[in-house]
Amino acid sequence: LAAKPNNNMNFVHRILKASSASTSPTVQKLVQSELQNAKLIYVGEFHGESRIISFQMQLLRELTKCYASSGSKKTDGDAPTLHLIMEHFSQDMQPILDRYQTSQRQPAEQQNEEDSKAFEELVSSYNEKYGTEGHNLHPYRELLQFCRRSTAGDTDNNSEGCKVRLHGGFIPRNQAARLNKEEYASKHEFFQEMSSRGYLPKETEPMHQALFEKPGSESLVLRGSREHQLLIQSLMSGVDIYTPIESEGDIDGSEENEKESKISRLYQAQLLKDHAMG
């Protein structure tokens, strides 16, 4: 978990034990001591892992309580709003998330039925209409339902009057794959297309040039770090991330053409997703 406090460029990092991370007192203490003023919180996960999702659920509950009770700035009608960005959904899936969260408060029995129907429709649209991301949404059912009910003003939902808005976070996987597989006429045209689709800053915006290692260069290599690339290589090839590397060329085994090697192209595709998210 990493959190960015207000007016502070440094992140606070915490690694929590699985045995205590999802317990309410532990999460409540974490929120009250370190996270209540955070503007941005990153939570890493192994997708679908029940202990991690349980922690995320507790964290979401505590954050909504904290924001509601602290009189946070109203950003969505009469209620403070927490924005939850999920890697599981691409940015072009926003319409199905918005539709999923379109809910009116109902009697308890009818609400449960409506929630179940809405979730099944979400899963169906996710897999059949888009089908690009391929995550299993069922382990996140409770979390997604909590967000849906918060926007309906369900006070029995324990969101304490704080709304939670769901957002798709990543560029579609098939678009990132195009960079990895070099399925484009030119890199310049590819990045122009990504900007025109709203996945990356436009060329006229200052953040566009910050995306690349050498702004203005025709190579258009996305900015990353050696440590991050070694992590990606370790995840994809099984190489021990802590094994000393003799030279830069040893990262992917292609010293003469390092930037265009298989691992490097895959790493560039990962960077594209990371930059699009944030």
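R51 forms a salt bridge with E49, and their closest N and O atoms are 3.0 Å apart. A salt bridge here is a side-chain nitrogen of Lys or Arg within 4 Å of a carboxyl oxygen of Asp or Glu. The structure holds eight salt bridges. This is a predicted model, in which local features need pLDDT of at least 70, side-chain atom pairs count only at pLDDT 80 or more, and totals for chains, interfaces and linings use all residues. Residues are numbered from 1 along each chain as its sequence is written, and side-chain values use heavy atoms, with hydrogens and water left out.

**The chain as a whole**

- The protein chain has eleven helices and six strands. Both are DSSP runs numbered from the N terminus: helices are H or I with at least four residues, strands are E with at least two.
- The chain has 278 residues, and 39% of them count as buried. Buried means under 20% relative accessible area, exposed means over 50%, and partly exposed lies in between (1.4 Å probe, protein chains only).
- Accessible areas come from the Shrake-Rupley method with a 1.4 Å probe; for residues, only the protein chains shown count as cover.
- Take the contacts between residues at least 6 apart in sequence: 65% of them join residues at least 24 apart. A contact means heavy atoms within 4.5 Å.

**Salt bridges**

- E49, the partner of R51, is partly exposed at 22% relative accessibility.
- E62 pairs with K65, with the closest N and O atoms 3.8 Å apart. The two sit three residues apart in helix α3 (residues 50–69), so about one helical turn separates them.
- E62 is buried at 6% relative accessibility. K65 is partly exposed at 33%.
- R141 pairs with E120, and here the closest N and O atoms are 3.4 Å apart. R141 lies in helix α6 (residues 141–151) and E120 in helix α5 (residues 108–130), so the pair ties together parts that are 21 residues apart in sequence.
- Both ends of that pair are partly exposed: R141 has 28% relative accessibility, and E120 has 38%.
- D115, R148 and R149 are linked in a network of salt bridges.

**Helix α5**

- α5 has 23 residues, which at 1.5 Å a residue should span 33 Å; its end C-alpha atoms are 32 Å apart, which agrees. The expected span is 1.5 Å times one less than the number of residues.
- Its buried residues include D115, F119, L122 and Y126.
- Cover for the buried residues of α5 includes β5 (79–90), α4 (94–100) and α6.
- R99 lies in helix α4 and is partly exposed at 47%. R99 and L122 are 23 residues apart in sequence, yet 8.5 Å apart in space, C-alpha to C-alpha.
- G131 follows α5 and has a positive phi, near 65°.

**Q175 in helix α7**

- Q175 lies in helix α7 (residues 173–181). Q175 is buried, at 9% relative accessibility.
- The side chain of Q175 makes a polar contact with the side chain of R178 at 2.8 Å. A polar contact is a pair of N or O atoms within 3.5 Å; within protein, one must be able to donate a hydrogen and the other to accept it, and residues adjacent in sequence count only if both atoms are side-chain atoms.
- Leaving aside residues up to four places away in sequence, Q175 touches F190, E193, M194, R197, Y199 and L272.

**A nonpolar surface patch**

- L231, L235, M236, I241 and Y242 form a nonpolar patch on the surface, with about 570 Å² of accessible area together. Patches are made of residues with over 30% relative accessible area and no salt bridge; like charges are joined within 9 Å, nonpolar side chains (Val, Leu, Ile, Met, Phe, Trp, Tyr) within 5 Å.
- L231 sits in helix α10 (residues 226–237) and is partly exposed at 38%.

**Positive phi in loops**

- Most residues other than glycine have a negative phi.
- E182 is not a glycine, but its phi is positive, about 60°. E182 is in the loop between α7 and α8 (187–196) and is partly exposed at 38%.
- L220 also has a positive phi, near 50°. L220 is in the loop between α9 (206–209) and α10 and is buried at 13%.
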